[in-house]
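Student: Before we discuss the sheet and its helices, may I see the model?

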Amino acid sequence: MRLCFISNPNSIHTQRWVRYFAGRGHEVHLIGDKPPAAAPPPGIHFYDLTSQTNARKLRYLLWSQQVRRLMQTIQPDVLHAHQVASAGWLGAAAGWHPFLVTSWGSDLLVGPRRSWAQRQLARWVLRQADYVTVVSNDLAAMATQLGAKPERLEVAPWGVDRAVFYPLASDSMAEEKPLVLSLRAIRPLYDPLTLAAAIPLVLQAVPQARFAVFTYNADPPLLAAFQDKLDILSAAQAVDYVPPLSDDQAVADYCRRAAVAVSIPVSDGTPKSVQEAMACGAVPVVSDLPALRPWLRHQQEGLVVPLEDSRALAQAITRLLTDDALRHRLRRAGLKAIAQFADQSVCMQRYEQLCQQLAAGQRPQPPTALPGEDR
């Protein structure tokens, strides 16, 4: 197949998608709606929309015209937009079919709630799409509310590459200084200041604990506020900042070192970062959001805490660092859940099948059961 993606070229998720389909022998084209930070993966035909213009008021008008021209040149079997916002707008404006749209989370859960204009644009994209995929049941419900037709909508997780993300034979708590890994970017959506307030509370109970914070795609003022808060609370010495890592193997190596993985956004889809950490044996502490419930249940695969509650977060982390039996039980259950619901080899085969069916002019048939419904 000849496949054309519209997506952020700097996203690790985009890079994984295009590598997967190129590795399967498909001809892959990528249209970037963000300035590229580096060269695309080898073998990918890349088109940088921002090389024409990145002027805020005019760019989507000019980009949509450019995407229309590219469609006539590329003639893809399937046009696949990653996210309803931005990439989805361009895909819908291109008027090319079959048109597949995949939501990432905030493009349905946050943008349309904040802005009337984004809500109308989301409705338009979902109506234009021949098929829509989402990664969680609550995203499916939101897509339906915005006008996606149920017979053209599917919950289709992305999965985890278990050949890369796998656990050590023993628990990482064998280390003298147990590591707590913060998985999400320092951005408002991921509520890092609640974590900053929780860290000194954890250190009171487990003074040898270390915290590692990923700094990729960080919001500079918020990162500074995070660091200032730790300084004020005299906890800065327990925190290490992890620069952007080179590849999935480097991410997996870090996850294998962690005893606990923290993800506390105020809104989310099905976060691959949490699934990757679980696949490496880290026990997750997550905010209480509907998207996670089918495969991550409180005190069964991890611990769930209320939104924006630093004390509850600190108590959950402390509990995992001090209760070996609980941590071992949740670790085993988490590994089982990933094998059952989030094996990338199975999930991506489904996406390849979807593209093949759309390219053949067939309407895909969604599965009768959604992930986690049989639990």
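Tutor: Seven strands form an open sheet here, in the order S3-S2-S1-S4-S5-S6-S7, with parallel pairing. The model is predicted: local features need pLDDT of at least 70, side-chain atom pairs pLDDT 80 or more, while totals for chains, interfaces and linings use all residues. Residues are numbered from 1 along each chain as its sequence is written, and side-chain values use heavy atoms, without hydrogens and water.

Student: What makes S3 and S7 the edge strands?

Tutor: Strand S3 (45–48) and strand S7 (153–155) each pair on one side only. Strands are DSSP runs of E with at least two residues, helices runs of H or I with at least four, numbered from the N terminus.

Student: How do you know that S4 and S5 pair?

Tutor: Two strands pair if DSSP finds at least two bridges between them. Four bridges join S4 (residues 78–82) to S5 (residues 99–102), so they pair. His80 has Leu100 in S5 as its bridge partner.

Student: Why are H3 and H6 called oblique to each other?

Tutor: H3 and helix H6 (residues 116–128) pack at about 50 degrees, with axes 9 Å apart. Axes are lines fitted to C-alpha atoms, for helices over the stretch in contact, and angles run from 0 to 180 degrees between N-to-C directions. Under 35 degrees counts as roughly parallel, over 145 as roughly antiparallel, 65 to 115 as roughly perpendicular, and the rest as oblique. H3 and H6 are therefore oblique.
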